[in-house]
Structure formats: C-alpha cells, structure tokens
Amino acid sequence: MMLSRIADSLFWIGRYMERADNTARILDVNYHMLLEQPPDTYKLRWDPLIAITGEKTRFYQRFQEANAQTAFDYLGYSADNPNSIAQCIILARENARTIRDRISRELWEDINGLYHKINKLRDEGEGLSRFCDAVKRGGHRFHGVCDATLARDEGWHFLQAGCALERAEMTARILDVHYHQLVEGPEILNEARSHAWVAVLKSVAAYEFYKRQHSQIEPNHVAQLLLLDPRHPRSVRFNLGVLQNSLYAISGSVPGSYANEAERLTGRAHESLTYDRIDEIFSRGLHDYLEEMQETCRTIGAHISQTYLYYAVVS
Amino acid sequence: MFEGYDPGTFYDELVAPDGTPRPEAAAMHEILAGMPLDVFEERRQLADLSYLVQGITFTVYSDGRGTERLFPFDLVPRIIPRHEWDVVEKGLAQRVTALNLYLQDIYGKQRILKDKIIPRHLVQSCKHFRREMVGLNVPRDIYVHIAGIDLVRDSRTGEYLVLEDNARSPSGISYVLENRLVMRRTFARAFEVSEVMPVDHYPNELGKILRSLSPRTGDRPVVVLLTPGLYNSAYFEHCFLAQEMGIELVEGRDLVVVDDVVYMKTIRGLTRVDVIYRRVDDDFLDPLAFRADSLVGVPGLMNAYRAGNIALANAVGTGVADDKAIYAFVPDFIRYYLGEEPILKNVDTFLCSRPDHLSYVLEHLNELVVKAVGESGGYGMLMGPSADKKTTEEFRERLKADPRNYIAQPVIPLSRCPSFDPATGTISPRHIDLRPYCLYDGEKVTIVPGGLTRVALQKGSLVVNSSQGGGSKDTWVLRGNDGGEA
C-alpha cells in the first residue's frame, strides 16, 4: 500500500527534475543563439525567457534588465527563485532522500550525484554553457536510471505522471511565449525570426526531427510539431498521452472512461490534441489555445493531488 | 603500519603489553603490518567514498548551506575473542531482562518502591517517568524491545563495565551493518581466516519481534517505522532499517487516529496500522498527551495505545530505566528481580541527590566526570580533569542548584585499540567504548555479536560521541578464541 506522501514525493521528483532540465535547455539555446545576434535585439530576447519560467515579477524586483548574466544568475542558481535549476535539483534531492527506502539505490545516488556536481560547478565558477550541459545530461541520466532500475508499480506511474505533466506544460509555455513574441512582437525582430524558431525547436530537442519533415521553418509547422505530434517525446500531445496512461494504471480505469476529474480533464485535452487540426487552432487563436492548455495542466495537477496525495484534516 | 606501535599503559584490545599481537588479533595484525601505507590509504579513501556516495552523512548547519559530514570510520577493527563475548552476552541479557521487570513493576504494582530498594522520590522525580503509563497494559508486557547498553573496558582490571543504559531509542545499528559491509569488501582475506560472526540478521530479528506485538490476529500485521523526518541526524538509519525490514517509513503526518485506531494515509484511503517502531521521543509522540508544540507526532496516539489498538516499540516511559541516577540501582534490580549477582558491573556512581555524595563530588570535581541524568550523546557533561576553571565553577553552581539532575563518576581509563591516524600516517592507540544492541522478545534477549565500537580519534581523548569528534570501527566477535593465520 503506497503512502500518499511517498506518491507525492515521486510525483514531485518527476516535476522538479523535468523543470530543471527544461529550464537548462531554454537557457542554453537562447545563449548560443544570441551569440550571433545584433546587440539591439538582445534585451528583447532574454525577457521572454524569464516569462517562460513564470518569474517576471520576482526577476525585475531584483534586476534592472534581463541579459545572459542576470538570467543565468536567476534561473541557474538563485536561492530566491524557487524555480531556479539549483533549487529544483535541491528539492528533487530532498524528496528522493525522504523516500530513499522506496527508490532504487542507483536513483538516489544519481540524484545525489547531480546535486554534488552542480555545487562543484558553482564553486569552480563555471559558466552557463558547462552548467546547462551538466543539467541536461543529468536529466537524461535520470530518465535512464529510472527506466533501468525502478519497478513498474504505482510509484513509477506517479513519477511518470509528474514528468509528463511538467513537460507538457513547459512545452506549451515555451511555444506560447515565443509565438507571442515572434508573431505579435516588434518589427525589429523580423530578420531574426527563423533563427528564433530554430532556437525553439532546439530547446525541446526537436530540430532534427522537424528538418526531416520540413525544409523551411514555418511557425505553423513548428506549432504543429510541438503541440500535436504523437511521436516526439516533448510534444504536448505525447506527454498528455503518457500522463493518461499513468493515471489509468493508477486507478485501473480503461480507455474511454474516467475515474476522477484528473483523468477526465487529461482525456479531454488529449482528445482535442488528437483530433484538432493546427489551422483550426490558429483560426481560434493559438495564444488562447495554449493558455487554456497550460491552465488545464495546472488543474490536472491540483486534481491529482486532491485525489491521491492530500488528506483534509480529520478532526 | 605497526612500526613503532606502543600499547602504553592502557589495556590494548589488539596488542599485548610486550608489543606482540593478542591471539585473536594475530591474523589482522599480520595483514595490516604487511600493508604499505599507500595501499591502506587507497582502501581508506574507497571506504570513505562509499559512505559519501550513499549519503551516509551527518548534516551540519553551521555555515547556512547545510554541510554534510561523514561519521569517520576507522579501518582497524576491534576484535573480541569468543570467551570474552560469551560473558558479555550473558551479562547484557541479564541486565536487559531486569530493566524490563523493573519497568513492568514501576508502571504496575511498584513492589520495588514498597520494598524500598530504590527511593520513590528518585523514580517519580525522573524527567522521563510517565504517569500516563501507570496501569496501562503494554503488548506482551515488554517495555524495552531494543536496548543499547554502553560498555567500556577498565584498563586497570581488564574488565568490561556498563557505562550507561539506553532504553529509549538507541541509534547506531545502521553503522554496525554498513561498517561490516565496507570491511568485508576491504579486508576479505581477514574474514576468510578469522571466522568473524555475522551481524546481518539484526533487521530480521527486530522485524520478527515487531510483528509479534500486533494487537490484531492475522498473519500480516502492518508495522511501520515512525521517524521525525529528514532533518533528524539518524534519518539515514530510519530509512535503512525500514527498507531492510520491508516496513513502511512514516512521518507523523502520514498517520491519523480515528476512534482510537491508528491509520496511515495511502493513495487508496486509510490503512490500519498495528505496530509502530517509533524513533520519536516520548515528548514529541502525541501533542495531545505530551508536548503540544510537537509537529512530528500523532495526535491521539496515546489514546489508541491505552485502548490496546496499537503496539509501540519501545514502550512509552522507558526513560525511567535509563536515567543516569536510576542507573546506579540497576545492579540492585538484578538482585531483586532475578536473585542473581550482576555479571557486568557498574561504574561507581555518586548521586548528587544524596547530600553525602554531593559534598564529596563538590570537593573532588576536578577528578570526576559529571553527567546530567537525562541527557545523552555527550551533552551536559563535565570532564573534571581536563575542564577549565570557569566551566568547573559553572558546574559547581548547577550541581548545588539542581542536585537531582546530576551524577558523578570517577574517570575510567578506557581501553585502547590500534587506530589509523591520518595526520601521521601511522597506527596509534585510541580510546574506545562498545555499544551492543540487545533485542528482547519477552522471553529471551538476542544480541548481534559485537555492536558499535566508537573511537575517540583525537589523541588522548576519552570522549567517543559522534557529536564530539568520535568515529566508529567494525567490531568482530570471533567464532573461536584466536584469529587464525593470515
């Protein structure tokens, strides 16, 4: 019988590891893309990055402008930012430590190792590139170790659900913020547009996959891939599919039915991503669609907690 | 590695006064003596690394970031021949049995008080005496299921003495098991020839006892280990034992009491719990019964306990057996309850609550060790011979103000064991003690051979507590009396 607290820890290990990994990807890609950009577009590029992480308010309370250094400080290590990469890894490790009797020794040692590694990089004053690289590799290793050493029990499905939900929301947000900026943003960005879309694709490791299908970089094709493609492991649809399977495995529901609100909302969103076409979504407004998708993800998370993880106070 | 080793005037566990190894240590001595420093150093670092990678660390919060430190492990084992261990084992079993009978009595008929073997005021003024336990029937009449009895060897007589009893929730067994694991990997050859008795069955034995306490009939009782949580310094041990016993590791917030029944909160709803191996102190166990500000306890747990719906190991209120003033009477308990002479002696103890003892102690402060009765882990202690004047005077005032709270003992010249000194790269003698772990199932006492040997790594130091700069060693009890040939 799985304790709710343990399921909760597994769910959040998944979310924090995924959040750290996504943030590192965004930082890294942006940094490399901007190395070749004219300085006047510079500021306009770092700002959306802060927006993706949902940290705009807190960031500008601390820094006057967003540039490579301030973004790295804040998104990489800052203890004031609860979503900084270092904080995510610390929290994933705390959770893993709390339940280390329930996970494989390999998984604990891996997360513990990543924590010590990023501390070492900080102490050595390593720059953004090496740091992000270490975190991305850490993310890959995390999935590998989970896959190779964890039993496929309920705990596994809570971990999967955490990863998938976080990744779905992150991809939707990355697309939303860039789309907003690129399509509706100032004229000055025009010449940089296709570079920026390449950066978006690279930040979700989808560039090679995209190029095999389309020779030109077109916003609607990019959106199609990141939102609707069932084959790419970072698309929103793919992850909602993974989430749905895990929720079914936990509750014992069969496809086509649902046992709780989290399953119903996941099923509905997955249906929409399966059967809606990208031009329909564009004509309804991509931004609204993505906004709604992110909101759905947040609501699903709350319902998973309510259903399995939190107990109201019993008096 | 043993070049120039001088056992000195203290009893040395591995080396005889003439510098030759004792028979039980012959094989290990030969292996170490023949080992180049760099090989030893390499093995030492590998051992340290294995503790770090596994995260077997203490957290020290002095620098704000939370630094994790290793509990230093010394690769030179302590070796005990069988004939010695047999005596120690009998003595421990006798003592743990008597402690249980005493607790049954104190929370039951209180015969021992009526017969004036121990003063009533001394028992009832004890900080850990729990009025709530009087007349409460604990499952199978067992109070102390797990005891850690600290032993020292007096260099003057070569005898083992009991230094203190730990009858609440003694920690350290995980180090015994992990140290053995590391040693087996590091010195496989020595194990081959020396016939060391195994210790790995501890979690199994403990699990058996815990399951036997279940108030419900049925073959699969739900047993859990209750931990204060991640920030407790023994958290690693809690995880380790829960995993080894295959039981759930829970925090207070995972449990809830409904109608005097304890449940744990699972993803499928509430599941009934039968037995709690609790590593949370009495004070914090139930905010409704004890400290109201406890965040790690379970409200209503004592009611469930009183209703007989849950078993707790150890029972509540066992601190009235390991109070350092009560300690002085344990030999009397053995005579009173068992009609036997104590096999293991106590260290002479002055009770500051007795005016004649207090005046002696005040006159001889610089020769004695003074200890607060309810503390453990080396806190609240004065080492008379080495303390500075200011500290001594502070203690003098405290003793006068609250004599019941203190005892004093002569400084025991603890035995020493060869230990590696990283500063000089040589093996030198260091003072040690021994904490065996005793399990009581209501009929017999089971003790895994050996226990935790703690070592004062500072040259000359007599304080072995981990919080005070101590380390640990693997403890070998041999199947026979000599260690074979390497």
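Reader: How many bridges join β4(B) to strand β5 (residues 160–166) of chain B?

Author: This is a predicted model, where local features need pLDDT of at least 70, side-chain atom pairs count only at pLDDT 80 or more, and totals for chains, interfaces and linings use all residues. Residues are numbered from 1 along each chain as its sequence is written, while chains are lettered from A and ligands numbered from 1 in the order in which they are written. Strands (E, at least two residues) and helices (H or I, at least four) are DSSP runs numbered from the N terminus, and two strands pair if DSSP finds at least two bridges between them. β4(B) and β5(B) run antiparallel, and the bridges joining them number six.

Reader: Which residue in the hairpin of β4(B) and β5(B) takes a positive phi?

Author: L151(B) has its bridge partner, V162(B), in β5(B). Six residues sit between the two strands of the hairpin, and the one with a positive phi, near 75°, is G158(B).

Reader: What stands opposite G148(B)?

Author: β4(B) also pairs with strand β20 (residues 437–440) of chain B, antiparallel, over three bridges. In β20(B), the residue opposite G148(B) is Y437(B).

Reader: How many residues of β4 (residues 146–153) of chain B are buried?

Author: Buried means 20 or more other C-beta atoms within 10 Å of a residue's own, exposed means 12 or fewer, and partly exposed is in between, with C-beta atoms placed from the backbone. By that count β4(B) is mostly covered: of its eight residues, the buried ones number seven.

Reader: Which are the edge strands in the open sheet of chain B?

Author: The sheet has three strands in the order β8-β9-β10, with antiparallel pairing. Its twist averages 45° from one strand to the next; axes are lines fitted to C-alpha atoms, for helices over the stretch in contact, and angles run from 0 to 180 degrees between N-to-C directions. Pairing on one side only, the edge strands are β8(B) and β10(B).

Reader: How many residues of chain A are in contact with chain B?

Author: In contact means that the C-beta atoms of two residues, placed from the backbone, lie within 7 Å. Chain B brings 20 residues, and the number from chain A is 18.

Reader: Why does the length of helix α12 (residues 236–251) of chain A agree with what it should span?

Author: The expected span is 1.5 Å times one less than the number of residues. With 16 residues α12(A) should span 22 Å, and the reason it agrees is that its end C-alpha atoms are apart by 22 Å.

Reader: Which element gives the most to the side of domain 1 of chain A that touches domain 2 of chain A?

Author: The bounds, from an automatic or database domain assignment, are 1–149 for domain 1 of chain A and 153–315 for domain 2. Their C-alpha centres lie 20 Å apart. The contact takes 28 residues from domain 1 of chain A and 29 from domain 2 of chain A. With 18 residues on the domain 1 side, the element giving the most is α1(A).

Reader: Is F11(A) buried or exposed?

Author: F11(A) lies in helix α1 of chain A. Beyond neighbours within four places in sequence, its contacts include F158(A), I304(A) and L309(A). Because 27 other C-beta atoms lie within 10 Å, F11(A) is buried.
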